[in-house]
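Subject: Structure handover

Hello,

Here is the structure I said I would pass on. My notes follow below it.

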Amino acid sequence: MKAIHIPRLTQAPERTETLEFKESIQGLDTLTPVQGKVRIIHQGNYLEVAAHAETIVTLSCHRCLQQFNYRLSVDPSEMIWLNEADDATEELPLDRDLTMDDLMESLPPDGYFDLQKWLYEQLCLGVPQHQLCSKSCAGIDVEDKNAQVVDRRWASLNALKGQLPS
Ligand SMILES: [Zn+2]
C-alpha cells in the first residue's frame with residue numbers, strides 16, 4: 001500500500017482519489033488480508049478521508065481465555081489538517097492548555113499521507129474493548145469440588161442454593 005503524495009491529489013479529478021485494497025498490513029496480525037475501500041478528498045486546507053475496511057483477527061476471550069476468530073469491520077472517517085508549521089512529531093508544550101488543534105492530526109501540505117499506517121490505527125481502534133467469544137460465554141469452567149458437600153449438615157443449604165435465582 002503506497003503512501004499518497006498530497007500535492008498529487010490536487011491534480012486528481014474532483015481532487016479525489018478512491019482506492020480499493022486487499023492486502024495484509026504490516027504489524028497487524030490478521031487471518032485474512034485487509035479488504036476495503038478508501039476515499040481521500042483534498043479540501044484545500046485539509047484532507048477528508050473515509051474508508052471501509054474489514055478483516056478477520058484472532059482474539060482471546062476475556063472471560064474464558066479461549067481464542068476465537070472475530071470479523072473486524074470499521075468505517076472510519078477523519079479530517080486531517082494540512083499545516084506547514086505544525087510538525088506532527090513536535091512535542092506539545094506543557095505550559096499551556098491544549099486546544100482542539102493540538103489534538104487534531106495534521107500533515108505538511110507537500111508531504112505524504114501514509115494510508116497503511118492510518119488503516120492500521122483505525123483497525124486497532126476498532127478492536128473491541130471487551131472481547132467475548134460469545135455473549136453467553138460462561139467463563140472458565142471451574143470444577144468446584146467444594147460443591148460436593150462433605151458435611152451432611154450443609155446439604156439442605158446446598159439444595160437451597162440451587163433454587164435461588166442467580
Ligand atoms: Zn469465552
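The four donor atoms around the zinc ion subtend angles of 105 to 115°, so the arrangement is tetrahedral; four donors count as such if all angles lie between 85 and 135 degrees. For comparison, the ideal angle for four tetrahedral donors is 109.5 degrees. Donors here are N, O and S atoms within 2.8 Å of the metal (3.2 Å for Na, K and Ca), and since water is not among the atoms, sites may look incomplete.

Before the rest, two notes on how to read this. The model is predicted: local features need pLDDT of at least 70 and side-chain atom pairs count only at pLDDT 80 or more, while totals for chains, interfaces and linings use all residues. Residues are numbered from 1 along each chain as its sequence is written, and side-chain values use heavy atoms, with hydrogens and water left out.

The zinc site

The zinc ion is held by the SG atoms of Cys-61, Cys-64, Cys-133 and Cys-137, at 2.2 to 2.3 Å. Along the sequence these donor residues follow the spacing C-x2-C-x68-C-x3-C. Cys-61 is buried, with a relative accessible area of 1%, and Cys-64 is buried at 16%. Buried means under 20% relative accessible area, with a 1.4 Å probe and protein chains only.

The strands

The protein chain has four helices and eight strands, in the order β-α-β-β-β-β-β-α-β-β-α-α from the N terminus. Both are DSSP runs numbered from the N terminus: helices are H or I with at least four residues, strands E with at least two. Two strands pair if DSSP finds at least two bridges between them.

Strand β4 (residues 46-60) runs antiparallel to β5 (residues 67-74), with eight bridges joining them. Ser-60 stands opposite Gln-67 in β5, and Ile-56 opposite Arg-71. These two strands form a hairpin with six residues between them, and Leu-65 in the turn has a positive phi of about 70°.

Strand β3 (residues 34-42) is also antiparallel to β4, again through eight bridges, and Gln-35 stands opposite Glu-54 in β4. That hairpin has three residues between its strands, with Gly-44 in the turn at a positive phi of about 90°. Five bridges join β4 to the antiparallel strand β6 (residues 77-82), where Trp-81 is the bridge partner of Tyr-46.

The chain overall

Buried residues make up 27% of the 166 residues in the protein chain. Of contacts (heavy atoms within 4.5 Å) between residues at least 6 apart in sequence, 60% join residues at least 24 apart.

Regards

Definitions and conventions
Tetrahedral: all angles 85-135°; square planar, octahedral: opposite > 155°, others 65-115°. Buried < 20%, exposed > 50% of the residue type's maximum accessible area, 1.4 Å probe, protein only.
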